[in-house]
Amino acid sequence: MSEADWVRGNPDAPVTLVEYGDFQCPACAQYYPIVKLLEQEFGEQVRFVYRHFPLKRVHPNAEAAAKAAEAAGAQGKFWEMHDILFERQSEWAPKPRPESVFVAYAEELRLNREQFESDFDENAIEDKIDGNFADGTASGVDSTPSFFLNGKKIESPRSLDEFRALLKTATATTTDAPQANKEIEPSPNAAT
């Protein structure tokens, strides 16, 4: 894990769940409420990390959505924008140019519009997204969502109960073995 990662839950938790996601991906949107429930249930035991993996060839608005989340993050509202993007995916995903919708979301979150628009176009944000994508590719990510539990890629669980069981096993295992929290190390490309 790096300082550039977006983390929800306990940042010092013994278990880390990393999701490589694409805001325009319908499967990611289906997993979103499951992961959110798990965050509520395991918040003190699990560190939840989100990394960008926009599948631009399939989802033409995925990179712009990732930029919107990062621009919101520059003002301390990454997770709020993350949630809106998944919850309202059907609203912005089909638009040929969704940027005005993202600006409206930023205003709804009471972000400084000018800063949001400026940050949206920052090369540093594109570099971070590209770095997340490169890290994911190097780790074997080829679809979204892709999950890593303590550094090990897991098959996407088919249900909330299946996902919960994986996290329960991981938290039980790491209670006695703090060294079990091996993580995917970001490449030097993962700049903030």
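Why is strand β2 (residues 15-21) largely enclosed by the rest of the structure? Select that strand and check its residues: seven of the seven are buried, so the rest of the structure largely encloses it. Keep in mind as you click around that this is a predicted model.

Now colour β2 by face. In a regular strand, side chains alternate between the two faces of the sheet. Here V15, L17, E19 and G21 sit on one side, with T16, V18 and Y20 on the other, and both faces are covered.

Next, bring in the strands that pair with β2. Strand β3 (residues 46-52) runs parallel to β2, with seven bridges joining them; pick L17 and you'll find F48 of β3 as its bridge partner. Strand β4 (residues 146-149) pairs with β2 the antiparallel way, over four bridges, and there E19 stands opposite F147.

Jump to helix α5 (residues 99-108). Its buried residues include V101, F102 and Y105, and among the elements covering the buried part of α5 are α2 (62-73), α3 (78-87) and α6 (113-120). Step just past the end of α5 to R110, where phi is positive, about 65°.

Last stop: D119, in helix α6.

Technical notes
Residues numbered from 1 in each chain as written. Predicted model: local features only at pLDDT ≥ 70, side-chain atom pairs only at ≥ 80, totals over all residues. Heavy atoms only, no water. Buried < 20%, exposed > 50% of the residue type's maximum accessible area, 1.4 Å probe, protein only. Helix = DSSP H or I, 4+ residues; strand = E, 2+ residues; numbered from the N terminus. Contact = heavy atoms within 4.5 Å. Pairing = 2+ DSSP bridges.
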